[in-house]
Number of protein chains: 2
Amino acid sequence: MTGDAPDFSQRLAERAAQVETVLEGILDPHPQKGEIARPAHLLAAMRHGVLNGGKRLRPFLVLETAELTGADSEAALRVAAALECVHCYSLIHDDLPAMDNDDLRRGLPTVHVAFDDATAILAGDTLLTIAFEIITAPQTPADDSRKTALVLSLARAAGIGGMAGGQALDLAAETTTPDEAGIITLQAMKTGALLRFACEAGAILGETSEEDRECLIRFGEAIGLAFQLADDLLDVTSDSDHMGKATGKDAERGKATLVGLHGQPWARRQLSGLVEEANALLDRFGDRALILRIAARFIAERDR
Amino acid sequence: MTGDAPDFSQRLAERAAQVETVLEGILDPHPQKGEIARPAHLLAAMRHGVLNGGKRLRPFLVLETAELTGADSEAALRVAAALECVHCYSLIHDDLPAMDNDDLRRGLPTVHVAFDDATAILAGDTLLTIAFEIITAPQTPADDSRKTALVLSLARAAGIGGMAGGQALDLAAETTTPDEAGIITLQAMKTGALLRFACEAGAILGETSEEDRECLIRFGEAIGLAFQLADDLLDVTSDSDHMGKATGKDAERGKATLVGLHGQPWARRQLSGLVEEANALLDRFGDRALILRIAARFIAERDR
């Protein structure tokens, strides 16, 4: 990382702390007056899957794109928290024995290890569900037009044409090796869709012009590709102690990645190109987009 | 059943056929022009879990309450289809080996048997997700205010304070026997929440008075209780060939039910009382609510 890194890490940590507070409030184990009691065991599993020191990269992108577009910051925080719930649901289900069978996540036992498979399935289900409740709840200060657009876009990003569909393709890729186009589609769906939504959310909340929205969406797509390439590189070059999760799994499972197909030097060149592309998409926003430029480079160059 | 039954069964079948058409369109295996390709295997699993000849009781209630309130019938059909996707997602996940471990559903292999556990988990996830897409999509002819209210209410009905929370309590009840109040809470959440939403949906779509909406909600709660009591009775009195799913499982698992606690004659008296209560809640709607009155009796007296 360059000289910008300390500032960026601090900004990322500040944003994460803001989102953490909102998530803590939403997943509060002490029910509010008049609230239906929530099964304590299930709530504990949801909390284990969410409140675990994640980087909160997706929330960060929601908050920064929302600030760029002049959107209400309280509304952005709620949408950021909703998106993080969807991300964490996907991790909980992906980690299940029936799926990727991972025991370790961010250095902690995964939800099905700390609880059990049934509770992990339900914790994922309820985190996905609560995301749509968070967006549409009266506490989210946005009009119904924005809320409807956010729900629609998030549901598309998370569903069969997005993240969950990408996970299905990923499972299939363990037995039938996809070609390059197949890998790109898979990754755009599995990882890219939520990062794309994160950046689109800022545009929806700020009710930008169609052109600005389109540029933020394409920025999200570019950093989504960069994120996945960096992830594939880290799986090859890092170790599990450093990452807090299993590494070397792609090769072990014979899973096709672009890094495996084209090699590390190619991947690093691609990453540079994607960062340039992401930067170019932000030109229209001028200096106000500086933090997003730094974020793009961070995503491409991250070491965990 | 009484002399009304043939008419009612026909009406239920007509409504089911209408919803089937909408669901077929939503889960169309041939992607529309410009649409992102959806993983075929996952889509097939979703179709297996949804297009299986269910009674479509929840959609029926959405459509009939919507007709009662003068709501747009196209919008009601879309919401009915969304609700059925949520119901079917819950069945797919509940049937998993990690949960209730059922191999048979409506006389067919459950999704995890016909496909595999991972695909069943993802099919449930994507059906839950698509429900929120269906409601908020431009094809649903309702304004953003109604869409927002529907998403919020459905998310609450399906989440930790509703259906999924009820399933968590139900799993816990296999090891720790709940008392009567515990059983009632469990059932109101697990089964009642979606039936309640079905009836509330008609009120939201029709933008009724607060009083009418409250009565339809309470009607939904009454038939929810009746539905569960009838279900518990059938588990004791029927056989699996007739039901198309396993029976006698409550007793086998030592699961506490109100029927087990108070006996069959008590349960039948309760059912009569619930049907009376449901009818009284419909008085304000006069003759237009006739089909809902018949539905309440059908739910209480059904034999499968």
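Me: Through which surface do the copies, chain B and chain A, meet?

Reply: Through the same surface, because 100% of the interface residues of chain B are also interface residues in chain A. This is a predicted model: local features need pLDDT of at least 70, side-chain atom pairs count only at pLDDT 80 or more, and totals for chains, interfaces and linings use all residues. Residues are numbered from 1 along each chain as its sequence is written, chains are lettered from A and ligands numbered from 1 in the order written, and side-chain values use heavy atoms, without hydrogens and water.

Me: How many residues does each chain give to the contact?

Reply: Contact means heavy atoms within 4.5 Å. Here chain B gives 44 residues and chain A gives 44 residues.

Me: How are the two copies related?

Reply: Two copies of a chain are related by a rotation about an axis and a shift along it. Here a rotation of 180 degrees with 0.0 Å of shift superposes chain B on chain A, RMSD 0.0 Å (least squares on C-alpha atoms of residues with pLDDT of at least 70 in both). That is the relation of a two-fold axis. In chain B, the C-alpha of Asp144(B) is nearest the axis, 2.7 Å from it.

Me: How many salt bridges link chain B and chain A?

Reply: A salt bridge puts a side-chain nitrogen of Lys or Arg within 4 Å of a carboxyl oxygen of Asp or Glu. The count is 2. Glu133(B) and Arg156(A) form one, at 3.4 Å, N to O.
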